Amino acid sequence: MKLFNHLRTLNTHHRILRNRFHPLFNNTNFFSDASSPQQSTTPHVQQPSPPSSLNRNELAKFAAIAESWWDFDGPFKPLHVMNPTRLAFIRSALCRHFKKDPYSAKPLEGLKIADVGCGGGILSEPLARMGATVTGIDAVEKNINIARLHAESDPATSTIEFCCTTAEKLVEEGRRFDAVMALEVIEHVAEPAEFCKSLAALTIPDGATIISTINRSMRAYATAIVAAEYILRWLPMGTHEWSSFLTPEELVLILQRAGINVEEMAGFTYNPVTGRWSLSDDISVNFIAMGTKTNNTE
Amino acid sequence: MNKVMKKTVSNVCALKIPRKFFCSETVKVAGSTDFVPSNEHEKRPIISEVIPEYDIAIVGGGMVGMSLACFLASMPMTKQLSVAIIDSNPALGSGISIQREDPPDPRVSTVTPASISFLQDAGAWKYVEQNRHAYFKKMQVWDYTGFGYARYDAGDVNKDFLGCVAENKVLHSALLSCVKDSDFKTTFYPLRLTSMTLNTNSMSTVKESIPSKELPSAQGHTSKLQLSDGSSIYAKLVVGADGGKSRVRELAGFKTTGWNYSQNAIICTVEHTSANHCAWQRFLPSGPIALLPMGDNFSNIVWTMSPTESNDRKSITEEMFLKDVNSALDDGHGPHPMSSSLGTRDLFSWLKMDATLSANEFFEIPPKAIRMASKRMVFPLSLRHANSYASKRVVLIGDAAHTIHPLAGQGVNLGFGDAFSLSRVIAEGIALGSDIGEVNLLKKYETDRKPANVAMMALLDGFQKAYAVDFGPFNFLRAAAFNGANLISPLKRRIISYASGENKLPIFFGA
């Protein structure tokens with residue numbers, strides 16, 4: 001049950017990233033009129049305090065949403081539960097690759113990291129606390145507003161740059177990062193190969209790219225699609241297209257074509273007894289890969 | 001990650017952390033007022049409009065609160081944290097000076113080997129050893145019926161000692177010295193906590209009519225603590241280590257379950273003609289009496305009895321009280337147990353393991369107390385347990401979370417265990433970039449500690465109920481007493497493993 005729940009939430013997350021927003025949870029109705037005042041906000045400009053044009057009622061509405069993104073018992077609970085496991089992989093992979101001190105409280109200090117599809121900033125904030133200079137991007141402006149509002153509350157995360165944009169646009173702007181993260185995004189992307197090229201283009205030579213997704217395995221099919229969508233009806237049918245999932249082999253291949261050599265890979269396994277995720281070598285459902293960009297591309 | 005964490009814990013020296021952390025960055029405290037705190041910590045950073053901000057506020061600088069500070073100071077992940085310690089005891093700031101010649105304080109703790117190893121790793125135990133303390137290698141437990149007795153030796157379980165008795169002030173000052181001698185950033189506030197704003201729903205504050213300059217973002221990530229002199233501080237995490245009557249617990253709205261036992265304990269210090277090296281406990285009809293070695297020629301008495309008896313025994317003359325003590329530890333209320341060669345051991349011999357350990361040695365009579373070395377103090381016995389240990393930005397440790405006994409004994413060991421566990425959870429949270437006040441993180445501590453504490457409490461309470469007289473302050477001895485009294489073996493193992501602080505490893509019967 002819990003596993004499906006996880007998948008449901010992960011999927012919810014993705015759908016937001018894809019800008020195919022469905023009123024899946026109650027808070028959605030808050031969005032109805034909230035986006036208009038926020039449109040005056042220029043992306044890329046960091047906003048230490050909410051813009052003056054924003055009235056307090058609107059702010060309260062955003063706050064309610066942000067709290068649900070950040071409510072550990074709310075709809076995003078499974079994502080929160082999974083987050084430490086993803087971060088454990090990212091931390092150790094980046095420490096190894098960039099030769100950072102794993103005993104440091106801020107091992108990622110000095111690294112510029114892009115979090116592509118950042119949602120409410122669940123990954124961006126911990127990366128910033130670990131010392132990284134983080135840019136979180138998401139195609140959904142509402143997510144960006146939420147992420148920005150939440151991150152401002154802590155000086156350790158208020159330095160995160162949140163932009164409502166896409167990876168492709170960042171490439172056009174000529175932005176480059178030491179490390180680029182795209183967690184639980186690629187399975188919802190129309191052209192995974194093109195997407196990987198964009199990620200590669202955002203990564204500096206010898207930089208790191210980290211991608212996590214769902215495998216196109218029978219187990220993933222059973223849990224993410226048959227159970228979650230058809231039997232339990234947690235998700236509208238058609239949320240996931242199984243055929244668009246990537247197997248680890250395919251991911252390695254398209255990353256290689258984009259100039260990224262996958263160096264580390266791990267699976268996430270869920271223990272229904274403890275309710276915790278852990279890293280394992282079982283990549284049959286959820287998996288994460290870290291690759292480095294070769295020098296000779298572009 | 002576990003691997004990384006373990007390495008982290010062991011590799012204390014590999015530290016390359018910039019001193020700059022949360023607190024030394026530009027901190028927005030009150031809306032538009034930005035300030036950069038100076039690196040030197042002012043003793044009383046109370047400047048109007050500027051509210052100091054800390055990573056952790058430990059409310060209660062007693063043994064458990066200070067042990068948390070020690071554990072945090074000893075780990076690379078946590079030693080850069082800025083910590084405020086709030087305790088109305090002014091001695092915390094100046095330090096507690098202890099003279100070896102000082103008369104022994106009757107408030108003592110029996111520190112288990114497990115707690116000792118935590119304190120050794122944190123670098124605090126060496127300070128304990130500079131003052132009066134007493135390791136004991138042997139103990140003897142018997143009861144007034146003359147029916148059985150048990151003797152234990154540390155050698156039986158391949159340990160150097162079974163425990164160590166130290167005065168609470170010695171433990172406390174050791175922990176204080178340990179924190180002061182480290183480069184850990186702590187600020188002492190010799191004040192009381194008066195109120196607390198937790199901001200659990202930080203952003204909903206927008207709805208309230210707050211002066212426009214105080215935006216919700218200003219303190220969404222912190223708790224605000226109001227102190228008794230009217231000043232305030234902010235902290236990402238508030239740790240309630242303020243004892244059985246915890247103010248933090250009350251302010252944060254944690255509910256408790258508990259009851260009082262209609263028993264009191266008298267504690268005092270007595271002197272012998274020569275040093276006592278053994279821990280003794282005898283079960284009397286009204287409750288157990290324990291004689292614990294304290295170092296030099298002193299011993300500590302912990303004697304449980306009904307409230308009427310305790311009031312009587314508190315008011316009688318010292319001579320009469322000494323006479324009562326000596327009689328209670330000798331042949332008062334009943335005869336000495338028969339020597340092991342006669343019958344007693346045969347009763348237990350079906351328990352093969354026991355035969356190899358206990359009862360091989362002859363019964364001994366404890367050394368006589370010749371003089372009172374302290375006043376007699378009386379404490380009621382009670383049990384209290386917080387239904388939850390953690391919520392957003394608040395966590396309870398030690399007696400604030402669970403009172404098993406007003407005397408130290410096992411209580412302080414549970415408290416050290418809590419502090420140790422919490423420090424590890426915080427370190428793990430920092431390693432993974434978590435907000436250390438997040439309830440999701442803090443619940444890990446609760447999950448880690450609650451079963452251990454509840455099990456201990458249930459065991460003790462079960463004993464209290466089943467053997468109404470047998471609720472003693474010294475669980476280790478009592479557990480052994482039950483062994484002597486021939487309880488069921490698996491239960492015994494659990495008791496003793498708990499009592500010795502090694503929850504998973506029954507040290508006595510390590511088969």
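This report walks through sheets, salt bridges and cysteines in a predicted model.

Local features here need pLDDT of at least 70 and side-chain atom pairs count only at pLDDT 80 or more, while totals for chains, interfaces and linings use all residues. Residues are numbered from 1 along each chain as its sequence is written, chains are lettered from A and ligands numbered from 1 in the order in which they are written, and side-chain values use heavy atoms, with hydrogens and water left out.

**The sheet in chain A**

Let's start with chain A, where 8 strands make an open sheet. Helices (H or I, at least four residues) and strands (E, at least two) are DSSP runs, numbered from the N terminus. Reading across the sheet, the order is β3-β2-β1-β4-β5-β8-β6-β7, and the pairing is mixed. Two strands count as paired if DSSP finds at least two bridges between them. At the edges sit β3 (161-164) and β7 (276-280) of chain A, each pairing on one side only. From one strand to the next, the twist averages 20 degrees; axes are lines fitted to C-alpha atoms, for helices over the stretch in contact, and angles run from 0 to 180 degrees between N-to-C directions.

Inside this sheet, β1 (residues 112-116) and β2 (residues 133-138) of chain A run parallel, joined over 5 bridges. If you want a spot to look at, A:A114 faces A:T135 in β2(A).

Helix α4 (residues 77-98) of chain A touches β1, β4 (177-183), β5 (203-214), β6 (260-271), β7 and β8 (286-293) of chain A, and its direction makes about 155 degrees with that of β5(A). Helix α10 (residues 248-257) of chain A touches β5, β6 and β8 of chain A, at about 150 degrees to the direction of β6(A).

**Strands in chain B**

β5(B) and β9 (residues 163-167) of chain B are antiparallel over 4 bridges, with B:T110 opposite B:V165 in β9(B).

Elsewhere in chain B, β3(B) and β4(B) pair in the parallel sense over 4 bridges, and B:I56 stands opposite B:V83 in β4(B). Is β4 (residues 82-86) of chain B buried or exposed? 5 of its 5 residues are buried, meaning under 20% relative accessible area, with exposed being over 50% and partly exposed in between (1.4 Å probe, protein chains only). In a regular strand, side chains alternate between the two faces of the sheet. In β4(B), B:S82, B:A84 and B:I86 point one way, and B:V83 and B:I85 the other.

**Salt bridges**

Side chains of opposite charge can pair when their charged atoms come close. The whole structure has 22 salt bridges over all chains, each a side-chain nitrogen of Lys or Arg within 4 Å of a carboxyl oxygen of Asp or Glu. Here are some from chain B:

| Pair | N to O distance |
|---|---|
| B:D55 and B:K236 | 3.6 Å |
| B:R313 and B:D324 | 3.0 Å |
| B:R449 and B:D418 | 2.7 Å |

B:D55 is in β3 (residues 53-59) of chain B and B:K236 in β13 (residues 232-240) of chain B, so this pair ties together parts 181 residues apart in sequence. B:D55 is buried at 1% relative accessible area, and B:K236 is buried at 3%.

B:R313 belongs to helix α8 (residues 307-315) of chain B and B:D324 to helix α9 (residues 318-328) of chain B, 11 residues apart in sequence. B:R313 is buried at 13%, whereas B:D324 is partly exposed at 28%.

B:R449, in helix α13 (residues 439-466) of chain B, links to B:D418 in helix α12 (residues 409-431) of chain B, 31 residues away in sequence. Both B:R449 and B:D418 are buried.

There is also a salt-bridge network linking B:R132, B:E167, B:K169 and B:D296.

**Cysteines**

How many disulfides are there over all chains? The count is 0, where a disulfide is a pair of cysteine sulfur atoms within 2.5 Å. For B:C70, the nearest cysteine sulfur is that of B:C178, 3.4 Å away. B:C70 is buried at 1% relative accessibility, and B:C178 is buried at 8%.

Technical notes
Contact = heavy atoms within 4.5 Å.
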